[in-house]
Amino acid sequence: MSFELETWRQGRAADAFRYFGCHMEQHETVFRVWAPGAQAVSVAGPFSGWQPGVYQAQEVEPGVFECRAPGLYEYIPYKFVVTAADGRQFFKSDPFAFHAETPPGNASKLYDPFGYEWSDAKWMGKRSPVGQPLSIYQIHAGSFRTYAGGEPLNYRKLGEELAPYLKNLGCTHLGLMPLLEHMQEGAPRCRTTGFFALTSRYGVPRDFCRMVEQLHLVDIGVTMDVDLLGFPLDDFGLSNFAGRPYWEAECGPDGCYFDFENPVVQSFLLSSAAYLLETFHLDGLRILHAAEIAARPGGADFLRYFVQALREKFPTAIFIGDAEGLGFSRVAASDAIQSLLRLSSGEDIPFPTPRCGVIQQIDLDTVGRESLIARMPGSYEEKFARLRAAIACYRALPGAKLSFMGNEFAQFTTWYPGRELDWVLLDYEMHRKFLAMVRRTSDFYRKTAAIWEEDAFTERFEPIVSAEHPGVKGFIRRDELGSQIIVLCNFTNEPVSPFVLGVEKRGKYAELFSSDEAQYGGQGRSCNVNFAKLRPAGGKPYCIEADLPPCSTVYLYKSAGAPASRRKS
């Protein structure tokens, strides 16, 4: 193959996975590893009795060691035996391995990930990072569902379960928590041990391809979280790879942090991301700890180039990070939903300020954190009412959406990686009705351009502030034709009747949705909104009067032309 080592050394290589690692050719297997400063390198495995030196590598270029071995087969484990300058030997897993042993095993495995025959050309041809709604359902692959004995579903079975569930839920994308190989579940950072190997806990890479394909065939995109901050301090991975620090800038209690000023590190991480997007047809990546990376030496410049290079190579993919000014498609934020949760809990705080270009995320992968419904005060019924009001408001706020699994049916218990979601809760009426509300608002977001579009945002968004009723918050969203979605949230536990809102136009104002509808677990109280009255209010020539139930969010609609029909009860 053609590969420019100079590009690798300059930090500009996005295809290093085609050269380094283990490649099974027609008559032999070729191993290549980057190990500058090493005295010698060999390959060990069952084929050598795990003895070093039997399959000796040659230094074909400065820092590049290559070994060719005949007669090897897929799935056979191996490691590089790196001899440091001082004679010490280290058994190291392959930094470019495409497959690995299931933890606690840590050897690399021979595997060809490039032969999958895809049937998702239609999806790949129409996907776009802009001009479309973005609603991501975030999961941990090992604890979404399990088999009867508690074992996690494999990738193929997971795809079979997720495709109809996400379609019915009204989401546009599946978001996967980190799936690159790692030793420890639930660790907060620096846990990746294989930057080109999907974890073997749930199957082999071809199984993962099938999972992605199943979702693409029902028009569901797939994104994945990646942790580029660093890696663990262990004896088999990247740390002290040839007997001295090379990949790492420093190590601490959480592990080792990449040296982002090292061009080879830049090429390594860029190639890892490009490999995931190309080989597995992923539709986007969420870069974990991007703000922390940007704060490290060389980190901001690395991320800017990293995102720019990937966006040029994969123009229809989505790139998400929690830092602004680095070129991400979406900036991850949780401030709006946290404010809404506090407001719905009865706190007197300002309504969140809307922003463009963000993805508002709800409680992602926080192990052991109290669930949303458990945080709500009041009785059983009041908890649901408060959370319904918050989530309905969240869905209509500007910004893309990302919600963690279990929130859609108001799981009470906290999430832990080794335990599946409490699906048994759907045997209970209130949880089923809550799920129905989430489906309705998710579907409403996806199908309503006035809600998901962000063009001319400042002209099409209007906050609603009431001095008379400070517990009522809201806003108006407009589409390009002038039709309006009016969102009113009564975050108090008392009805507000009537709530008077000044409006610019006369005509009919229809109630599209209320979180207090009986089908969602509420009392079924109507807002009793109809035609605007010729009475000034709030500096506007007309007004509408709405009866707002306690702990509720309602959507009203005003057409730019013909009025909308009233919602079905």
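The following dialogue concerns how terms are applied to a predicted model.

Colleague: What makes β25 and β29 a pair of strands?

Modeller: Two strands pair if DSSP finds at least two bridges between them; strands are DSSP runs of E with at least two residues, helices are runs of H or I with at least four, and both are numbered from the N terminus. Between β25 (residues 484-490) and β29 (residues 552-558) there are 7 bridges, and the strands run antiparallel. One of the residues involved is Ile485, whose bridge partner in β29 is Tyr557.

Colleague: To which sheet do these strands belong, and which strands are its edges?

Modeller: They belong to an open sheet of 5 strands, ordered β23-β24-β25-β29-β27, with antiparallel pairing. Its edge strands are β23 (461-465) and β27 (510-514), since each pairs on one side only. From one strand to the next, the twist averages 20°.

Colleague: How do you know that helix α10 packs on the sheet?

Modeller: Contact means heavy atoms within 4.5 Å. Helix α10 (residues 380-396) touches β24 (472-478), β25, β27 and β29, and its direction makes about 35° with that of β29. Helix α11 (residues 429-447) lies across β25, β27 and β29, running at about 130° to β27.

Colleague: Why is α10 called roughly parallel to α11?

Modeller: Axes are lines fitted to C-alpha atoms, for helices over the stretch in contact, and angles run from 0 to 180 degrees between N-to-C directions. Angles under 35 degrees count as roughly parallel, over 145 as roughly antiparallel, 65 to 115 as roughly perpendicular and the rest as oblique. The axes of α10 and α11 come within 10 Å and cross at roughly 10°, which makes α10 roughly parallel to α11. Among the residues making the contact are Phe384 and Leu387 of α10 and Phe434 and Met437 of α11.

Colleague: What makes helix α8 mostly covered?

Modeller: Buried means under 20% relative accessible area, exposed over 50% and partly exposed in between (1.4 Å probe, protein chains only). In α8 (residues 335-344), 7 of the 10 residues are buried, and the helix is therefore described as mostly covered. The buried residues include Ile337 and Leu340, and the buried residues of α8 pack against β21 (358-362), α9 (372-375), α10 and β24.

Colleague: Why are β15 and β16 at the edges of their sheet?

Modeller: The sheet is open, with 3 strands in the order β15-β17-β16. Both β15 (230-231) and β16 (248-252) have a single partner strand, so one side of each is left without a neighbour in the sheet.

Note on methods. Residues numbered from 1 in each chain as written. Predicted model: local features only at pLDDT ≥ 70, side-chain atom pairs only at ≥ 80, totals over all residues. Heavy atoms only, no water.
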